Amino acid sequence: MAGFRTEDEMMDVILGTAREDDRILAVMLSGSRADPDAPKDIYMDYDIVYLVKDVKPFWNNTGWLEDKFGRIAVMQTPETMSLIPPDNDGKFVFLTIFEDCNRIDLTISDNADNIIADVADGEPAVVLLDKGGYLSAVRPKDGYWNVSPPDEKRFGDCCNEFWWCLNNVAKGIIRDELPYAMDMFGRVVRDMLNMMTSWYIGMITDFSVSAGKRGKYFKRHLPEKYYKMYEATYPDSNYENFWDSVFAACELFRTMAVEIAGKFGYVYNKSEDDNMMKYMNWIRSTKNEKV
């Protein structure tokens, strides 16, 4: 895109603004741009934290932001939104896409302890500028985003939630309640499928990689056969195709869960699986019969 600023140009703006403003004490970069293992491309956000003397002059000050960083195309400010419960932590966040299509998520905070606490458990972060050693305690660990192995209780609960919630998907399909069925399958059931998929990726990589937010690195790490199976779990609005996607999800979940259970010596509840499959096949065969 014409006028698109390069990473070097963006960093010049981010750091130049901080150097020139005595109210800004330190600058930290976090997120994927601070993670050496994250795939790099031009679409990555700039997750920036400015430690300042006082948040008040910056609070919802879009004029200052536009003056320093460029013309705003689309913005969200969580602290001003009625849809997002206030966390009352004193910081202000500008989530901004500028007219050149660069995106900055800029957090303004006057509490160094809170900033340090946010990365204390190892979130990828790099201090870019520190005028007085305010963020010297930032010490991120390697592998923060890596998949962690499940304990047996969490594994069993994931299996139970996956199989149990499928009954709602099946009833939504047979009753022609498409939004409900899609929501249950695409949100509740898929969360469990994604959890199991992440554990599987962890298992086959010795838990040395990240599966990515909402599974964005699944294609990168899953065996090709399993990723093809995963692709088949996405339905359209045709109910026969929807049923096929549901059963594809069941096959993939079962396959991975059995392998994970074998690896860690856990018990896979096969009767839960078998009985829910019988239940869903029964519902599919009824064709929405009335009492």
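A nonpolar core is a set of buried Ala, Val, Leu, Ile, Met, Phe, Trp, Tyr and Cys residues joined through side-chain atoms within 4.5 Å. The model examined here is predicted. Its largest nonpolar core holds 51 residues. Among these, F155, F162, W163, M196 and M280 touch the most other members. Five helices each supply at least two residues of this core: α4 (152-174), α5 (178-204), α7 (224-231), α8 (239-264) and α9 (270-286). A second core is separate and has 25 residues, including A18, L29, Y46 and W64. In soluble globular proteins, nonpolar side chains tend to be buried together.

Neighbours within four places in sequence are set aside here.

Helix α9 was examined next. α9 has 17 residues, and at 1.5 Å a residue these should span 24 Å. The end C-alpha atoms of α9 are 25 Å apart, which agrees with that value. The buried residues of α9 are E272, D273, M276, M277, M280, I283 and T286. An α-helix has 3.6 residues a turn, so residues three or four places apart point the same way. The cover over the buried residues of α9 includes α4 and α8. M280, one of these buried residues, is also among the core members that touch the most others. After α9 comes K287, which has a positive phi near 60°.

Two further residues with positive phi lie in one loop. D206 is found between α5 and α6 (218-221). Its phi is about 55°, although D206 is not a glycine. R214 is in the loop between α5 and α6 as well. R214 is not a glycine either, and its phi is also positive, about 55°. D206 has a relative accessible area of 65%. The cut-off for exposed is over 50%, so D206 counts as exposed. R214, at 60% relative accessibility, is likewise exposed.

T77 lies in the loop between β3 (72-76) and β4 (92-98). Its relative accessibility is 9%. Buried means under 20%, so T77 counts as buried. The side chains of T77 and T80 are joined by a polar contact of 2.6 Å. With neighbours within four places in sequence left aside, T77 is in contact with N60, F92, V93 and F94.

Notes
Residues numbered from 1 in each chain as written. Predicted model: local features only at pLDDT ≥ 70, side-chain atom pairs only at ≥ 80, totals over all residues. Heavy atoms only, no water. Buried < 20%, exposed > 50% of the residue type's maximum accessible area, 1.4 Å probe, protein only. Helix = DSSP H or I, 4+ residues; strand = E, 2+ residues; numbered from the N terminus. Contact = heavy atoms within 4.5 Å. Polar contact = N/O pair within 3.5 Å; in protein donor to acceptor, adjacent residues only side chain to side chain. Expected span 1.5 Å × (residues − 1).
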